[in-house]
Amino acid sequence: MAPLSIVMAGSSGFLGTHLRRELERRGHRVTALVRRPTKLPDESSWDPDAGRVDSDVVAAADVVINLAGSPTLGNPHSRKWSQALHDSRVRTTAVLAEAIAGAQEPPYFLAGNAVAWYGDHGSAELPETADTRGHSLMTTVCRDWQAAARPAEDAGARVVYLRTAPIMERSSAPLQQLRLLFKTGLGGRIGSGRQYMPMISLRDWVGAASYLCEDPTAEGPANLCCVETPTNAEFTRALADALHRPAFAAVPAPVIKLAAGRVAPELLGSMNTRPQKLLDLGYEFADPDVTAVLASGLS
């Protein structure tokens, strides 16, 4: 396909760094939005807190990608952390959506989001058509995050919401911490272990996001998760087997609720997500199940 002109927010983050590298490998031109004076020709300065972005840079793009946001790891009892978690995602999305809406020919928008949008659905399978439930911290953030992109949709832009599952990669959370815990023999299920636990390998996330970026028809929410979502107990067994360690420990639900505070529903809730949009578009997963995801993430 012809090279695309792409504007990316969050290009220096974990996912952004890998996605930018892949898009450039495919021949596309990526302009990074940075919160400092520009140093390179492939950068553009912006200040989302002040609502400032170069509208000409956005209007000239074929695709705008937003992966910006404060770290998801933090003190779950901290109001400052939870507010930053929310505002850093909503503000950046809103600023870009408004700039896209103001363009004469609105560019395609890949708006970051997360599978936490669905909330706890028990064992029910969750394709992109499923509803959103509950009022946990991340579910609320995801709703506002998605709503912030509405101006782009209203202006006629094609928008895809990247409902991303946790990335299982040994160099980052959560697998980085879980690997160390399980290697000491302290790993185990969380609560009952019956809750479904969405995930995806890094190479499939990058592959899927690139695929959506290049697809001329993709629109609406897209679940970026493995095809067969495991339960927490299945994940626990698979990780213990992969690391050749026992996993007899278990953390009772009341302990999780006390320790994790507002984030506890994300650990104890169940989301049996399915990447139906990607499957319908023809994306072929390299790591469709928990065993493959962990083998890729630990390699």
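Tyr283 counts as buried, at 11% relative accessibility (buried means under 20% relative accessible area, exposed over 50% and partly exposed in between, with a 1.4 Å probe and protein chains only). The model here is a predicted one, so local features need pLDDT of at least 70 and side-chain atom pairs count only at pLDDT 80 or more, while totals for chains, interfaces and linings use all residues. Residues are numbered from 1 along each chain as its sequence is written, and side-chain values use heavy atoms, with hydrogens and water left out.

Now for the rings around Tyr283. Its ring and that of Phe285 sit with centres 4.9 Å apart and planes at 85°, so this pair is edge-to-face (rings of Phe, Tyr and Trp, the last by its six-membered ring, pair if their centres lie within 6.5 Å; planes under 30 degrees apart are stacked, over 60 edge-to-face and the rest tilted). Phe285 is buried too, at 14%. Tyr211, in contrast, is partly exposed at 26%. Ring pairs join Tyr211, Tyr283 and Phe285 into a cluster.

Next come two helices, H6 (residues 175-183) and H8 (residues 232-243), whose axes come within 10 Å and cross at roughly 65°. Helices are DSSP runs of H or I with at least four residues, numbered from the N terminus. That makes H6 and H8 roughly perpendicular to each other (65 to 115 degrees; under 35 is roughly parallel, over 145 roughly antiparallel and the rest oblique). The contact (heavy atoms within 4.5 Å) involves residues including Leu178 and Phe182 of H6 and Phe235 and Leu239 of H8.

Conventions:
Axes are lines fitted to C-alpha atoms, for helices over the stretch in contact, and angles run from 0 to 180 degrees between N-to-C directions.
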